[in-house]
Amino acid sequence: MQKIIVSLDLHDDRCKQKAMRSVTGISGVDSISVDMKDKKLTVIGDVDATLIVKKLRRHCHTTIVSVGPAKEPEKKKEEPKKVEPKKVEPKKIVYDPVVDAYRAYNPQMITYYQSVEENPNACVICW
C-alpha cells in the first residue's frame, strides 16, 4: 500500500472530475481524495506513481509531490530546536577559458534597427 500525492493544475470542477475518473480506472486504487485549495490529489493503493502521472497528464499539468507508505508513522513530541541564521557567503567567480574560446568562435548576434523617421533617405536592412 502506497500513498501518492500529486500536484495538479486544476482550473474548475470539470477538470477535477476528469482527473478523478482517469485515476479510478486504474486497478489497485483503494481511495482517492482531492484538495482543491492546495490543488493536490492523494491516491492510496498498490499503484505505480508513474502510471498515475501518465494518465493525469492527458488532462492537466501534473507533478509528483511525494510517494510513501499509506500509514504515516507516529511522531514523538520533540522540543523545538533553536534555529541559527545561516551565514551567506558571496559567490565566487570562476574563470573558465573554454567559455572565452566559445564566445570567440560564436559571437552574440546583434541586430541594429534604424528608424526611417530619423533619416528618410536611409535604406533599411533587417537581418
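1. In this predicted model, Met20 belongs to helix 1, which spans residues 13-24. Its relative accessible area is 26%, and because buried is taken to mean under 20% and exposed over 50%, Met20 counts as partly exposed.

2. When residues up to four places away in sequence are set aside, Met20 touches Ile32, Val34 and Leu41. As for Ser33, its C-alpha atom is separated from that of Met20 by 8.5 Å, the two residues being 13 apart along the chain.

3. Ser33 has Thr42 of strand 3 as its bridge partner. Strand 3 comprises residues 40-45 and is joined to strand 2 by six bridges, the two strands running antiparallel.

4. These strands are part of an open sheet of four strands, in which the pairing is antiparallel and the order is 2-3-1-4. Strand 2 (29-35) and strand 4 (62-69) stand at the edges, and because each has a single partner strand, one side of each is left without a neighbour in the sheet. On average, and with direction ignored, neighbouring strands of the sheet are turned by 15° against each other.

5. Which strands does helix 1 touch where it packs on the sheet? The contacts are with strand 1 (2-8), strand 2 and strand 3, and the direction of helix 1 makes about 165° with that of strand 2. Met20, as a residue of helix 1, may be read together with this packing, given that Met20 touches Ile32, Val34 and Leu41.

Technical notes
Residues are numbered from 1 along each chain as its sequence is written. This is a predicted model: local features need pLDDT of at least 70, side-chain atom pairs count only at pLDDT 80 or more; totals for chains, interfaces and linings use all residues. Side-chain values use heavy atoms; hydrogens and water are left out. Two strands pair if DSSP finds at least two bridges between them. Axes are lines fitted to C-alpha atoms, for helices over the stretch in contact, and angles run from 0 to 180 degrees between N-to-C directions. Contact means heavy atoms within 4.5 Å. Buried means under 20% relative accessible area, exposed over 50%, partly exposed in between (1.4 Å probe, protein chains only).
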